[in-house]
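Subject: Model handover and notes

Hi,

Here's the structure I promised to pass on. Please have it open while you go through the notes under it.

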Amino acid sequence: MSALQIKKGSNKHSAYNLRPNFSDVSEKHTLAVLVDNEAGVLARVIGLFSGRGYNIDSLTVAEVDHAGHRSRITIVTTGTPQVIEQIKAQLGRIVPVHEVHDLTVEGASVERELALLKVEGEGDKRVEALRLADIFRANVVDSTLTSFVFEITGTPGKIDAFADLMRPLGLTEVARTGVAALSRGL
Amino acid sequence: MTRQMTGAKMVVQALRDQGVDVVFGYPGGAVLPIYDEIFQQNDIKHVLVRHEQGAVHAAEGYARSTGKVGVALVTSGPGATNAVTGLTDALMDSIPIVVLSGQVPTFMIGNDAFQEADTVGITRPCTKHNWLVKETENLSATLHEAFHVASTGRPGPVLVDLPKDVQFASASYTPKREVTVSHYQPQIKGDMEEITELVAAIEKAKRPVFYTGGGVINSGKAACQLLRELVDATGFPITSTLMGLGAYPASGENWLGMLGMHGLYEANMAMHDCDLMINIGARFDDRITGLVSAFSPKSIKAHIDIDPSSINKVIKADIPIVGDVGHVLEDILKVWKARGRKTDKASVAKWQAQVSDWRKVDCLAFKQDGKVIKPQYALERLEALTKDMDRYVCTEVGQHQMWAAQFLGFEDPNRWMTSGGLGTMGYGIPASIGAQMAHPDSLVINVAGEASWLMNMQEMGTAMQFRLPVKQFILNNERLGMVRQWQELLHGERYSHSWSESLPDFVKLAEAFGCKGIRCDNPDDLDEAIKEMLAYDGPVIFDCLVEKHENCFPMIPSGAAHNKMLMGEASTKGAIKAGGAVMV
């Protein structure tokens, strides 16, 4: 299976003619990489990014097919179109990599991230934090008399916005999973 | 049919199944069970090297000169770390080799055991793929997969790490034919739409050039034959990278010679001025392109490569074709013939005339006068005296390597073994040993510089032990010639540590190893001395004392365009600007 399966269902083996002219402007792309869940596979992917000087904005990985020992790595990366093409081609060269999908160019996709935020405070600030959490549909998963842990799911932008609002209200710790993404439709 | 056997026996059985006839290796604690099995059989010959780096380069020399997979066997820890340079070399030059390394027993991994190293971790970035085998049940299938990955698609080095307890334990052996098909199946056939587009470009081209690389040789002898057919039928000029020499014969009428930093004037000028560049199995390496922004500004660029990541990495391809060179060339010829074998004959004839004018510059001209041998003269004589022989040539890295590429002509693929991408000094002697093992009755010459040669000279012991009559042709200028040349051109002639003060007496060194030493310092004696070397039935160390301050030209200074070549001493002063000086 070739890494150049950029467009699903297309039998065109070369992706390069999809992007005739390379610009110098950096773009953010979300890549879904399906790999054999074998020892060292994540190190291979990360080593590729560090060895060739590519950026990783976020990376998530977990086994998604236990019977087939297949894991899905979702990588958000930034680069010029030429660099993004290189990243995809280089990922495709890794032997345990089965498929590389660029969700950013393959049509619409959904992206979600989960975050846990610890907010410490008393009085009005505490009430305001709870009110804002309600607006953002964040759940309280832990509470003491002076703190909450909120669980929020959404796009990275939504989580950023929520974290920015919580900061003056006593935000002390954030844990984020990184982006998980799937293409829309069939 | 399944057979129970120990892991160590499986290793030998798998090698046999894969058609391996020779292994280059060095024993140690963690591979003793495998060595015990090697001792008890006669199918696979083991060549004891003197350093693990030598084992890997020898496997490379074997692979490059045969097109088969080379195999090296090393122990854990230092054995594996010594193999790293060879693995990286093979990765850069796409050479199929399998390195088997011993490892401490699985239950000791991670405990800083004696001679333990994280071999798969260390070699991950310098192999195409690697495996740590933790269960003997998986061993035979992993070994077969290793050979498949090494030799399929863009070839490259792989490593299989074998813990000692896995070698001792028993399990059932899976023969090669019963291994389930690997998912690793790179694309072989090129896209027909792109191929047709290229054929249309070939029909219209006024100033076309073929730019070929090691990919043609890796694709096999049939691919080289198809290339020759296409070049001769179209009459387009053809140049090649260092790695691709021999794919098209040097005596062919369309041959331009090597291109690149020390390539020929006519080759680089053709690349710069062409209107259609057909890259076949080359990768637009920085030694080729020079200044990327000024690289062949007027051309349509077609790029045929089996590795999708090579395309658009450095130079944007107008016609990208992912596929195996042999298959793609076959389709190109088919389509081109079906459309009536058209080319723009009048324009191509004018272009050929232009190329002939460039050839008249005679960029390799040198003057052999006086009593000191010019290195170019030494190679010219070596070429004259050996070109009709069944000859394989290896090199080390540096000026001598470039001169060898310029002055020796290769008529066939797999005859030229040199470290291109990584530029590994010390590559040549072990590579010549590997090539000689594969071709015991052929002439194998290692064109060397004395500095490179000393880096792995211990391997002369291997050559002696296994009666490999390799000829070590050392151009001895008592300098690190290429470093010295750069210091002259870029660093105000401050020759910082680029000469050797205490060189050995190479003739006595030869005697110490038990082989023949020849010294020559007079151009008048050179022919006789070379003949003596060729006539001797055994390894020879030939110490050819040459001009100490000769520079290698033509030269595209780093950071310059193809048409800004330096041609000789007079044109070099201040030629490299500050921007170029930071490039390598």
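Where is the place of Pro554(B)? Pro554(B) is in the loop between strand S20 (540–545) and helix H24 (578–581) of chain B. A cis peptide bond joins Phe553(B) to Pro554(B), with omega at about 0 degrees. Helices (H or I, at least four residues) and strands (E, at least two) are DSSP runs, numbered from the N terminus.

Some housekeeping before the rest. This is a predicted model, in which local features need pLDDT of at least 70 and side-chain atom pairs count only at pLDDT 80 or more, while totals for chains, interfaces and linings use all residues. Residues are numbered from 1 along each chain as its sequence is written, chains are lettered from A and ligands numbered from 1 in the order in which they are written, and side-chain values use heavy atoms, with hydrogens and water left out.

On confidence, the model scores ipTM 0.89 and pTM 0.93. Chain B has a mean pLDDT (the predictor's confidence in each residue, from 0 to 100) of 95, and 97% of its residues reach 70 or more.

Now the cores. A nonpolar core here is a set of buried Ala, Val, Leu, Ile, Met, Phe, Trp, Tyr and Cys residues joined through side-chain atoms within 4.5 Å. Buried means under 20% relative accessible area, exposed over 50%, and partly exposed in between (1.4 Å probe, protein chains only). The largest core has 102 residues, and Ile332(B) and Phe542(B) touch the most other members. Helix H14 (residues 325–338) of chain B gives the most to this core, with 7 residues. If you skip neighbours within four places in sequence, Ile332(B) is in contact (heavy atoms within 4.5 Å) with Ile195(B), Leu198(B), Val199(B), Ile202(B), Leu230(B) and Ile304(B). There's also a second, separate core of 43 residues, which includes Leu87(B), Val99(B), Ala431(B) and Leu468(B).

Ala431(B) also turns up among the buried residues of helix H18(B). H18 (residues 428–438) of chain B is mostly covered, with 10 of its 11 residues buried.

Strand S15 (residues 391–395) of chain B is another covered element: 5 of its 5 residues are buried, so it is largely enclosed by the rest of the structure. Arg391(B), Val393(B) and Thr395(B) sit on one side, Tyr392(B) and Cys394(B) on the other, and all are buried. As for partners (two strands pair if DSSP finds at least two bridges between them), 5 bridges join S15(B) to strand S17 (residues 443–449) of chain B, and the two run parallel.

Over in chain A, have a look at helix H3 (residues 124–135). H3(A) has 12 residues and reaches 17 Å from its first C-alpha to its last, close to the 16 Å expected at 1.5 Å a residue; that expected span is 1.5 Å times one less than the number of residues. Arg126(A), Ala129(A), Leu132(A) and Ala133(A) are its buried residues. Down the axis of H3(A) they fall within an arc of 130 degrees, so they line one face of the helix; the arc is that of the directions from the helix axis to the C-beta atoms. They pack against strands S5 (109–120), S6 (139–143) and S7 (147–154) and helix H4 (156–166) of chain A. Turned away from that buried side are the exposed Asp124(A), Val127(A), Asp134(A) and Ile135(A).

Chain A also has a hairpin, made by S2(A) and S3(A) with 4 residues between them. S2 (residues 58–65) and S3 (residues 70–79) run antiparallel and are joined by 7 bridges, with Asp65(A) opposite Arg70(A). His69(A) in the turn has a positive phi of about 50 degrees.

Which other backbone angles might you check? Arg137(A), which follows H3(A), has a positive phi near 55 degrees. Gln115(B) is not a glycine but has a positive phi of about 55 degrees; it counts as partly exposed at 26% relative accessibility. Arg467(B) has a phi near 50 degrees and counts as exposed at 74%.

Cheers
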